[in-house]
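Trainee: I would like to learn how to read disulfides in a model. Where do we start?

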Amino acid sequence: MAKAFFRLQKFLRRIQFLLFFLTAAYLMAGSLLLLQRTRLVIQQGSRGIPTNQDLLVPEEMGRVGILDPRTLQSPRPGPRLMVGMEVLQEPALDQRHSPHWLLSRNSELRQLRRRWFHRFTSNQEPLQTAGFKVMKHAAEHKGTYMGCFTHDSRERTLKGAVFYDLRKMTVAHCQEACAERAYSYAGLAFGAECYCGNTLPAAAARPEECSSECRGEKGSVCGGVNRLSVYSLEQLRAAARPRRNVIYRGCFRAPENLTDIFPASLIQPNLTVEMCSEFCSKKEFPLAVIRGQECHCGYPTRRFSLRQGVDGLRCSGTRNASSAAGGEHCLVYQTPVQDTRCTDRKFLTTKSKVFVALSSFPGAGNTWARHLIEHATGYYTGSYYFDGALYNKGFKGEKDHWRSRRTICVKTHESGKTEIEMFDSAILLIRNPYKSLMAEFNRKYAGHLGYATDRNWKSKEWPDFVNSYASWWASHVLEWLKYGKRLLVVHYEELKQSLIPTLKEMVEFLNVTVTEDRLLCVENNRDGNFKRSGTKQKNFEPFTQEMKDLINRYILTVDEALRGRNFSGLPREYVPR
């Protein structure tokens, strides 16, 4: 009995040691796993958003919880720059601005730049389309509901302006936008698309076919698949009339026969600008042309391109249109109606054989260039990234995978041998670094359409930003010149000053044939919905002399590299200040 009890006691002691050992092993494994996960989080925090972010959709972005770059620590100015957990030692001052140093520094800073560049926050203020006034949704819409109608995107009945908001579209938004442009009807389709026009669609559909919920308004219907929820806007038009925006385009030499050029005309004694604009708006034309008592409506064409204006003194009596020169010259006004001859866009029907990049430094006008290219070619542009704000405003190529080859070209701010050699050719868009740095800093703190505050400019982040991003501006151009296979260099300033010739060169580089009238339509809608709004500071100079010296050396380096590759040098306005 004693022997059996001794064996049992010995067995229990072994079990205790075994349990103690297993518990210790379990705690050690848990500690190691926790340390490994902590290290992974630190590495991801320093590297920023991964390169496969373009596959995210807006719903997934909200679940992932992407961090605001402003919460990440910025590098300190000085002889050393912190990147993640590594310290980069600056070379001697006499070696700092050579092309070789810029190329090597570019790879070192790439992770830091990506962390700073991408700003996807779930609470970002939504962009406002030009002319779109954000309204609080009322229980009852002010427009009169006319019913559900069929909708053909190719042969639209509502042929006026078109707006997209794939996240915040509401009935009130659409109604207000169309009313301010003097349209009689507003139609909503697919839950996120708004169409304006002055003619009620003829083909009615069953009420239950308009069943798509508005993206920005639960419980409200915004059409359906190829179906329009149409509202009459007579009441809203009366309220919106004082806010209509009629833009004076200038004084021009009148063609020989205006009635042959313009499809709608009116002769009215004591004709005024408001009368002519109202008449052309009802006819759904973007231009109102006045010569004496004649009012003509139409579009810019090859025979009347609005490129050669004359001195405004030759058009006398601008206060009263009826006293304007009745023979050789005419007054031209832009009505609230949108020129829709170039608004139709689609994905490529077959995969592109040539993979083309639209490459630029951030803040160089890439989004604006995409707007011009899409409306000129009629095809969507893609993006190496995913910007939900741009996708929500109609850049549908944002959501398409950047390597799908279904877009005419792909936006990228990347540089480096691997990233560049993935593309067969590229349009390299270059902008004055002073303007680019300010534009990107504005985007970082106020989105695509806003301006940074005085507090942002006076903070320590602005010198840090210039210290890091100025070298990126130079290295971006140098690396694309070195590794790019086939390049078309476009200067932002030249595109802005000579839009039609420069845009035509870009379209030809993309191997797309477009009509002159479509290019004129693009010129008529040149600003699109991405022109910064708000109060811009006058005579504002955020650059210190030390910053100017740094940037000027980069300008000279890039100018020399461009000329070395037989491209034209940088425009004169880039010349050091």
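Mentor: The term covers a pair of cysteine sulfur atoms within 2.5 Å. In general, such a link is a covalent bond between the sulfur atoms of two cysteines. This is a predicted model, where local features need pLDDT of at least 70, side-chain atom pairs count only at pLDDT 80 or more, and totals for chains, interfaces and linings use all residues. Residues are numbered from 1 along each chain as its sequence is written, and side-chain values use heavy atoms, without hydrogens and water.

Trainee: Why is the disulfide of C174 and C194 called right-handed?

Mentor: Because the torsion about its S-S bond is about 80°.

Trainee: Which parts does this pair tie together?

Mentor: C174 lies in helix α4 (residues 171-180) and C194 in strand β6 (residues 193-197), so the link ties parts 20 residues apart in sequence. Helices (H or I, at least four residues) and strands (E, at least two) are DSSP runs, numbered from the N terminus.

Trainee: Is C174 buried or exposed?

Mentor: C174 is buried, at a relative accessible area of 0%. Buried means under 20% relative accessible area, exposed over 50%, partly exposed in between (1.4 Å probe, protein chains only). C194 is also buried, at 0%.

Trainee: How many disulfides does a search of the whole structure find?

Mentor: Eight. Among them is C251 with C315, sulfur atoms 2.0 Å apart. This pair links strand β10 (residues 247-253) to the loop between β14 (309-310) and β15 (329-334), 64 residues apart.

Trainee: What about C330?

Mentor: C330 is in no disulfide; the nearest cysteine sulfur, that of C315, is 6.5 Å away.
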